[in-house]
Amino acid sequence: MPNLTIQRVGHACGARVTGVDLSRPVPADVLEVLRKAWLEHLVLVFPEQKLDPDSLVAFTRHFGELDDFSSQPFNRHPDNKEVFLLSNKKKDGKVFPTYNAGQNWHTDLSYTTRPAKHTAVYCQEKPSVGGDTMFANMYLAYETLSPKMRAFLDSLEAVHDISLVAGLDQRGPEVANEFRRLNPPVVHPAVRLHPESGRKALYVNERVRNFLGLSEEESRPIVKFLCEHSVQPRFVYRHYWSLGDLVMWDNRCLVHLAVGDYDPAEIRHMIRTSGMGDYYGRYLDPEKAVAQMKTAPEGAAKVDRKAVSALHD
Ligand code: OGA
Ligand code: MN
């Protein structure tokens with residue numbers, strides 16, 4: 001690895017990696033270094049890469065099995081169902097549904113029962129200025145809360161609802177309704193133990209409607225406080241995109257935001273993969289949760305059966 005360099009670009013998270021060509025097979029020893037760097041820095045930026053959907057898939061698969069985006073099949077890349085298009089280009093005369101994706105603080109696919117482990121976004125076209133992405137470190141968000149608040153949150157589960165995706169309804173009723181039909185509300189713990197680092201991270205963001213066992217009225221100020229607390233500037237890295245950047249982040253311990261600070265008349269076009277999560281949440285609706293256990297044996301083993309039966313009480 002004579003040329004590999006890894007340099008931090010932010011205090012909260014982020015490192016820039018040079019000296020590796022991701023369009024070619026990456027040697028096992030380099031991959032090992034990248035995996036460690038990713039766990040340490042949470043966001044890796046690989047500048048000046050030349051990728052297409054296939055090479056993006058080939059590289060990012062090293063970090064785990066990829067999602068096929070069945071939660072939103074209409075946003076897939078036409079050539080590869082493991083690649084998602086994040087674009088404000090027109091398709092069939094209409095602006096692509098992801099033109100305003102990610103514009104509130106979130107972690108990817110938390111409105112599904114198997115939220116994303118990683119997301120990797122490759123910049124193919126960008127506006128002349130802006131179109132930045134911000135990342136906030138949710139380990140720090142958790143660790144800076146008082147012990148009592150941490151203990152309270154450790155005991156909570158949160159309802160994630162796709163209806164709270166910013167700008168969903170601006171995409172038109174057809175797209176919004178299809179999104180909702182495919183993604184009924186799901187339940188995840190408010191705090192997740194990262195399976196690789198062993199650290200706890202806050203898992204509450206702007207797509208949380210309420211906590212189980214608390215009313216929406218009771219939950220709202222807590223969610224609001226946690227959302228504000230977790231994205232303070234000191235916990236944030238802001239990425240200013242260049243063409244050819246590949247940015248890969250860990251959704252288990254970060255939230256992120258598409259800033260939307262650009263002229264919509266200019267093109268912003270990215271291709272993306274997401275890794276299948278390493279844990280399963282469950283549907284809020286008890287019948288759906290039970291069906292989930294029956295029909296997804298692989299996932300069922302990991303769904304908390306006690307919690308599901310508690311829903312019937
Ligand atoms: C995403 C996302 C942010 C951006 O791809 O999940 O939120 O700035 N992207 O496009
Ligand atoms: Mn996102």
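So, a quick definition: by cavity I mean a set of grid points, taken over the protein atoms alone, where a 1.4 Å probe fits but cannot get out. And bear in mind that what you're looking at is a predicted model.

With that rule, we count one cavity of 30 Å³ or more. The largest cavity comes out at a volume of about 390 Å³. Its lining takes in 34 residues, and the ones closest to the centre are Leu86, Ala101, Gly102, His106 and Arg272.

Where does the lining come from? Strands β5 (80-87), β8 (118-125), β17 (254-258) and β18 (269-274) each put in at least two residues, and β5 gives the most, with three.

Now, what's inside? Ligand 1 sits in this largest cavity. Around ligand 1 you'll find Leu86, Gly102, His106, Asp108, Val121, Thr133, Trp249, His256, Ala258, Arg268 and Arg272. That shell is four nonpolar, four polar and three charged.

Which side chains make polar contacts with ligand 1? Thr133 has a polar side-chain atom 2.6 Å from an oxygen of the ligand. For Arg272, a side-chain N or O atom is 2.8 Å from a ligand oxygen, and for Asp108 the corresponding distance is 2.9 Å. On its own, ligand 1 would expose 290 Å², and the protein buries 98% of that.

That's it from me. Happy to take questions.

Definitions and conventions: Residues are numbered from 1 along each chain as its sequence is written. Chains are lettered from A and ligands numbered from 1 in the order in which they are written. This is a predicted model: local features need pLDDT of at least 70, side-chain atom pairs count only at pLDDT 80 or more; totals for chains, interfaces and linings use all residues. Side-chain values use heavy atoms; hydrogens and water are left out. On a 1 Å grid over the protein atoms alone, a cavity is a set of points where a 1.4 Å probe fits but cannot get out, and a pocket is an open set with protein on both sides within 12 Å along at least five of seven lines; lining residues have an atom within 4 Å of a point. Grid points are joined across faces, edges and corners, and a volume is the space filled by probe spheres set on the points. Helices (H or I, at least four residues) and strands (E, at least two) are DSSP runs, numbered from the N terminus. A residue is near a molecule or strand if one of its heavy atoms lies within 4 Å of it. A polar contact is a pair of N or O atoms within 3.5 Å; within protein, one must be able to donate a hydrogen and the other to accept it, and residues adjacent in sequence count only if both atoms are side-chain atoms. Accessible areas come from the Shrake-Rupley method with a 1.4 Å probe; for residues, only the protein chains shown count as cover. A molecule sits in a cavity or pocket if more than half of its atoms lie within 2 Å of its grid points. Ala, Val, Leu, Ile, Met, Phe, Trp, Tyr, Cys and Pro count as nonpolar, Asp, Glu, Lys and Arg as charged, and the others, Gly among them, as polar.
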